[in-house]
Amino acid sequence: MDCRESALLVSVLLLALALCSAQNYVLSDDGGLGRVFDGIGGLSGGGATSRLLVSYAEPYRSQILDFLFKPNFGASLHILKVEIGGDAQTTDGTEPSHMRYENDENYYRGYEWWLMKEAKKRNPNITLIGLPWAFPGWVGRGKNWPYDYPDVTATYVVNWILGAKQYHDLDIQYVGIWNERSFDIKYIKLLRYTLDKSGLERVKIIASDNLWEPIAFSLLLDPELSTAVDVIGAHYPGTTTITEALKTQKKLWSSEDYSTFNNEVGGGCWARILNQNYVNGQMTATISWNLVASYYEDLPFGRDGLMTAEEPWSGNYVVESPIWITAHTTQFTQPGWTYLQTVGHLAQGGSYIALTDGKGNLTVVIETMTHNHSVCIRPPLPPFNVTSQNATFWLKGSIASIKELQVWRSQFDFKTNKPSFFEKLKPLKLVDGSFTLNLAEDEVYTLTTVSTGSKGSYPDPPPSARFPKVYKDDFDVRSPPFSEAPYFADQTGVFEYYINLTDPGPHVFTLRQVLTERPITWATDADQTISVIGDYYWQSLTVTCDVFMEKMNAGGVFIAARVDKGGQSIRSAKGVFFWVFADGTYKVTNDLVGETVLAEGQSGTEVHSWYTLSLTVKGQYASGSLNGYPLWKNAVILTPKAGWAAIGTRSFELAQFDNFALVAE
């Protein structure tokens, strides 16, 4: 026997040994099918997580949307869930309400309407869900709680659904009920009644869109409540459910999940939970918070989206690994497919799921993510082991006749940091109704009869760039496509384009803070309103803005630099805040709440007059001017060392801003 024959024999023997040592798994519909698959989705809101997306120029904005929603291109999402804006801080910013006051209705505020239409344009079959995180203050009738007057709250939510159809031709299919403290049974029943009375019997309710309990127990005890609720939604369930939820026989969803930094470990987290939410918890839909990380990265939970689009000024965006991990399932299944009962865990760690359309198609998704490479932000992940393994899958029942499967693979390859995602391999021929895979650690495989999958691409977007050091906005937009000005990220209050018809001078088109009442919120909104903009790492800069107070006596406005916090931490924000007040005084403070005073005195400012404020911060010193004349100087600033620029008001009050300008060093 020569060397070549010896080598060939060794190869054959090794292959035979591998096949013999492979663990066997049966995929079959002989014993019936599992639960119906409802899809994989992304969440825009909770809050303001798509804020910067709308400011991207074309073609980059459309490219981002294609990677999210276009079928057989990128994530190809089945579900889009959006925030029903409540004018309140709900994690990374505020989103405007459609009913700011009881007699007010406006279905063009914000950008969620636009986003839903863009998603629907790409995928007409996408499932649309709305969920309120917060409510305008009037809904609570003076209380920071939306459920004491459930008829008012139900009407408010139903009007949003009706408005989506009337003004945007959008059919909302599900509405969630969520509050961090509890849920209200009376409200759920009344919401169902109000939906039905409004001709919205097709709209289904997700409750409590937070936790498995106590809603699962209540559904088992209350037949009327059970009739009202269609889906039990849990947030960050850790891939597990509870017995009582299963007993209800309701659809079980992970209605908010992921929330993890979108590097490769984040991609591993997403791969693991997409499979194991069903394997462990019988959850038939998983929705990522958030859809796209399109907010300033130094706000809370920076880059916790399926992809990153946080630089509209440069056009740069990044298609992160979770996009391609999503594609492993979404491009080869559709809502309405059914899980096989034969899903489970691999012998050496990892998991597999299998779905069928009932018409002869089969999709199998396998993941072998190791513990340290698949940790999500929450909940804590118990230890487990995954090692490389051989796995043989046997097809039985109606799928036994399948002869060939398309193969797609992602390899994270943490050792070399040279991952490959969503790579199409050669089709796999089945032998006697079976196939064998050599599965390494940290891999995802899709094996499917569906042949339409593809890895979409565009030319590289422009390179990443910091926020421009010189920036101006006069807000002179006669027909703004969105109610918000570019790049401003409202952290408390709502700042919208405004046409000042009473001013025949240069301030006809302005930016106005429009809230006069504190909203009902679960987050820690400030007592002041504030919108941030710019580069979080700016140290030395000049901020200039024209300001106009509308609140008599107690009114006040500010411009600021080095603002160091936002999101849920906005109440404790530090920085350099230059205030002027309607009572003719000014103040310079080191914090948003105004407790640490650096300078104060007379300004001569009054209500219903325009003033130009300018704030310069350089090194440890700050100075300010009013209408071009120095008002104070050389205030000592020890901390913070850097932060955003900002504008805002003393309280929830009307005020206008114009001719905003930044110059940073």
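Analyst: Let's start with a term: a polar contact is a pair of N or O atoms within 3.5 Å; within protein, one must be able to donate a hydrogen and the other to accept it, and residues adjacent in sequence count only if both atoms are side-chain atoms. The case here is Arg122, whose side chain makes such a contact of 2.8 Å with the side chain of Glu118. Before we go on, keep in mind that this is a predicted model, where local features need pLDDT of at least 70 and side-chain atom pairs count only at pLDDT 80 or more, while totals for chains, interfaces and linings use all residues. Residues are numbered from 1 along each chain as its sequence is written, and side-chain values use heavy atoms, with hydrogens and water left out.

User: Where is Arg122 found, and is it buried or exposed?

Analyst: Arg122 is in helix α3, which covers residues 112-122. Helices here are DSSP runs of H or I with at least four residues, strands are runs of E with at least two, and both are numbered from the N terminus. For burial, read the relative accessible area: buried is under 20%, exposed is over 50%, and partly exposed lies in between (1.4 Å probe, protein chains only). Arg122 comes out at 15%, so it counts as buried.

User: Which residues is Arg122 in contact with, leaving aside its neighbours within four places in sequence?

Analyst: Contact means heavy atoms within 4.5 Å. On that basis Arg122 touches Ser62, Leu65, Asp66, Phe69, Lys70 and Pro71.

User: Now the sheets. What is the strand order in the open sheet of seven strands?

Analyst: As a general idea, strands of a sheet pair through backbone hydrogen bonds, either parallel or antiparallel. Two strands count as paired if DSSP finds at least two bridges between them. Here the order is β23-β26-β35-β28-β29-β30-β31, with antiparallel pairing. At the edges you find β23 (489-492) and β31 (597-602), each pairing on one side only. From one strand to the next, the twist averages 20°; that comes from axes, lines fitted to C-alpha atoms (for helices over the stretch in contact), with angles running from 0 to 180 degrees between N-to-C directions. Ala489, for one, stands opposite Val532 in β26.

User: And which strands make up the open sheet of three?

Analyst: That one reads β1-β17-β20, with mixed pairing. β1 (23-28) and β20 (434-439) have a single partner strand each, so one side of each is left without a neighbour in the sheet. Its twist averages 25° from one strand to the next. Six bridges join β17 (residues 389-396) to β20, and these two run antiparallel. Look at Trp394 for an example: its bridge partner in β20 is Ser434.

User: Backbone next. Where is there a cis peptide bond?

Analyst: Go by omega. The bond joining Glu58 and Pro59 is cis, with omega about 10°, and Pro59 sits in the loop between β3 (39-44) and α2 (60-69). The bond from Ala207 to Ser208 is cis too, with omega near 0°; Ser208 belongs to the loop between β7 (204-207) and α6 (215-221).

User: Which residues have a positive phi without being glycine?

Analyst: Arg141 has a phi of about 50° and lies in the loop between β5 (127-131) and α4 (150-168). At 37% relative accessibility, Arg141 is partly exposed. Asp169, with a phi of about 55°, is in the loop between α4 and β6 (174-177), and is exposed at 54%.

User: Zooming out, how many helices and strands does the protein have?

Analyst: There are 10 helices and 36 strands. The radius of gyration is 28 Å, close to the 26 Å that the globule rule gives for 665 residues, so the protein is as compact as a globular protein of that length. That radius is taken over C-alpha atoms, and the rule is 2.2 Å times the number of residues to the power 0.38. The C-alpha trace spans about 100 × 65 × 40 Å along its principal axes, and 62% of the 665 residues count as buried.
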